[in-house]
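I opened a new notebook page and looked a few things up. My notes are below, in the order I made them.

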Amino acid sequence: MTLLAPLLPALPIVAGGALLILRRAAPLVALLVALVTVIQAALAAVARPAMTFEVFGGFEAGLAVDGLSAVMVVTVAVIALAVLVFAAGEIHDSEGRFFGLMLIFIGAMLVTVIATDLVLLLMAWEVMGAMSYALIGFWWRDPDRVRSGTIAFVTTRAGDMGLYLAAGCAVVGAHALTLASLNALDAPWLHLVAAGLVAAALGKSAQLPFSFWLSRAMAGPSPVSALLHSATMVAAGAYLLLRTAPVLAATGWAGPLVAWAGAVTALLLGAVAFAQHDLKQLLAASTCAQIGFMVLAAGVSAVAGGTAQLVAHAAVKSLLFLGAGAWLTTLGTQRLAELQGAARRYPLVGVTFGIGALALAGLPPLSLWVTKDAVLAAVDDPVLSIVSLAAGGLAAAYAAKALITVWLPAPERRDAARLGLLERLPLPPLALLAAVLGIIGLPALFDAWARLLGAPGPAPEAGELAVSGLLAPAVLLLVIWVRTRRPGMSGEVGVLTGWLGLESLAVTAIWRPLMAVARALARFDDHVIDGAVHAIARAATATARIARSPFESGVDGVIRGAAAGVGRLGALARRPQTGQVHTYLAQATVAAAVLAIVIVLVR
């Protein structure tokens, strides 16, 4: 069973690499691999395999499935299978490349989940970032999509540098790279490691101030959005913080910082989501907001509640993005104004999307209602609680906006494409999960859930559930009332529609100054460094020319003389070689005589 730990991520990674080369029967191969991965994940969750080995210089690395990672490997595998089923019905161009990249992406996330050290974690972290870049810019003939992939990659890479900082400080401070050893660090290494982990996690999970890259990620195919926003990539940052919550708590400052970062992101990006007029952009901003609750959970050490939120959100968000992708495929649009009546034309998509949207709103008894309160139950700061509760109210508002729009009667009927079986197949199971996964946060089951994870935490109380349970439908009804009374009111605000201007701010404050410095250094290199190198080369060449004149004839003469002497000796040596036996006998006789004389003289 020990081999199950490396085999779990190895299968999708190796199969993905093969599909990049062979590109034969890619959808079928990808689905079979995903199905086997689900089975492996279930076995690993039960067997809890673990293995350790030495990577270099006495540093230990390993893969292990414990309570937290057991939940995550099953979540990643199940969501990946659902997304790949949908993708098999939608993606046809360069399908081998697409499915190969997706499988490697999934395998990298599985390594991230079960890695017990910073070496393997960093490797998987990097591969995941590279695959996200390739998948966001999958349609590489479109320059805008490639630019979006580049912006997403560069932004997340900026945060990823924190993981290198954490690894370096762990080596210096504890001469170890295992995650379990980070708690034993002393100051200042503990604080530096925590700072690096926070930066890497906030960047990967698109929390403020990195949130804008997730808007750019919408340039990729819908299955990429569904996977990236639910169980991989953005979830990886939240998972890292939940995994290292004891490190955050030990610093005294990292926990509160992370908690406030998550709460403020949930509030502000919730407002951004409500202002959007594009369905995928609305869902992207809502991902930032919902991930914010998981980050908040890590900051207040509510690991059980944060993990419950992560699992439920994975089902909800994959369902919503696949629904949006289905409408994009059939209707050719993702603009909310053009999606009116979309749910009525495609009832299966409409009903399942509606379940996901109501779960996203936090409507009882659906999943995110309970899991969000499992996070808020651990918040002691009253101001932080108010901010978080307001963010929960905004979740109901943006979910209601999307839901109402797709169910409103269409002003006119347009021709629409037929939705394939594979694109419809994963929607009902995901809708079921989105509806029922909240049971893990109910007080009666929460203790068992916390014991499974090995992370005890407070369960949501009945009063808290009642408050949030009343808030969500109240906001839903308010949005419905406003939308029906004032249909022209969209809630758009320029700064919110533009994602708080974060990308422009980053370009102005960071990117352009960096490029200016890079250009100045390039000019310095071209004119000063290269000029000096070229000058030295020219001087050396001139010196060589000068030195060659007086010495060349003498040196060449010696060489020619030596060669001529060797040639003459060779000619002399050939003369005795006559081919006549008697000549050789005479030569041997002379040689023997000379040898005898030498012996006599020596003695």
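Predicted model: local features only at pLDDT ≥ 70, side-chain atom pairs only at ≥ 80, totals over all residues.

**A buried serine**

I started with Ser222, which counts as buried at 2% relative accessibility (buried means under 20% relative accessible area, exposed over 50%, partly exposed in between, with a 1.4 Å probe and protein chains only). Ser222 sits in helix 9, residues 222-230 (helices are DSSP runs of H or I with at least four residues, numbered from the N terminus). Leaving out residues up to four places away in sequence, I found that Ser222 touches Glu90, Lys280, Phe321, Gly325 and Leu328 (contact means heavy atoms within 4.5 Å).

Residues are numbered from 1 along each chain as its sequence is written, and side-chain values use heavy atoms, with hydrogens and water left out.

**Helix 21**

Which residues of helix 21 are buried? In helix 21 (residues 443-453) they are Phe446, Trp449, Ala450 and Leu453. They sit on the same side of helix 21 because they cover an arc of only 100° around the axis (the arc is that of the directions from the helix axis to the C-beta atoms).

I then checked what the buried residues of helix 21 pack against, and got helix 3 (67-90), helix 14 (303-331) and helix 17 (367-376). On the other side of helix 21, Ala444 and Arg451 are exposed. Just after helix 21 comes Gly454, with a positive phi of about 70°.

**Salt bridges**

How many salt bridges does a search of the whole structure find? I got 6 (a salt bridge is a side-chain nitrogen of Lys or Arg within 4 Å of a carboxyl oxygen of Asp or Glu). One of them joins Arg157 and Glu126, whose closest N and O atoms are 2.7 Å apart. Arg157 is in helix 6 (residues 143-174) and Glu126 in helix 5 (residues 118-136), so this pair ties together parts 31 residues apart in sequence. Glu126 and Arg157 are also linked with Asp160 and Lys204 in a network of salt bridges.

Another pair is Glu503 with Arg216, at 2.8 Å between the closest N and O atoms. Glu503 lies in helix 24 and Arg216 in helix 8 (residues 212-216), so the pair ties together parts that are 287 residues apart in sequence. I also noted Asp142 and Arg145, which meet at 3.3 Å, N to O. Asp142 is partly exposed at 27%, and Arg145 is partly exposed at 26%.

A reminder first: most residues other than glycine have a negative phi, and most peptide bonds are trans. Where did I find cis bonds? One runs from Ala187 to Pro188, with omega near 5°, and another from Leu208 to Pro209, also with omega near 5°. Pro188 is in the loop between helix 6 and helix 7 (189-204), while Pro209 is in the loop between helix 7 and helix 8.

Ala206 is not a glycine, but its phi is positive, about 55°. Ala206 lies in the loop between helix 7 and helix 8 and is buried at 0% relative accessibility. Met233 has a positive phi near 55° too. I placed Met233 in the loop between helix 9 and helix 10 (234-243), buried with a relative accessible area of 1%.

Terms used: Helix = DSSP H or I, 4+ residues; strand = E, 2+ residues; numbered from the N terminus.
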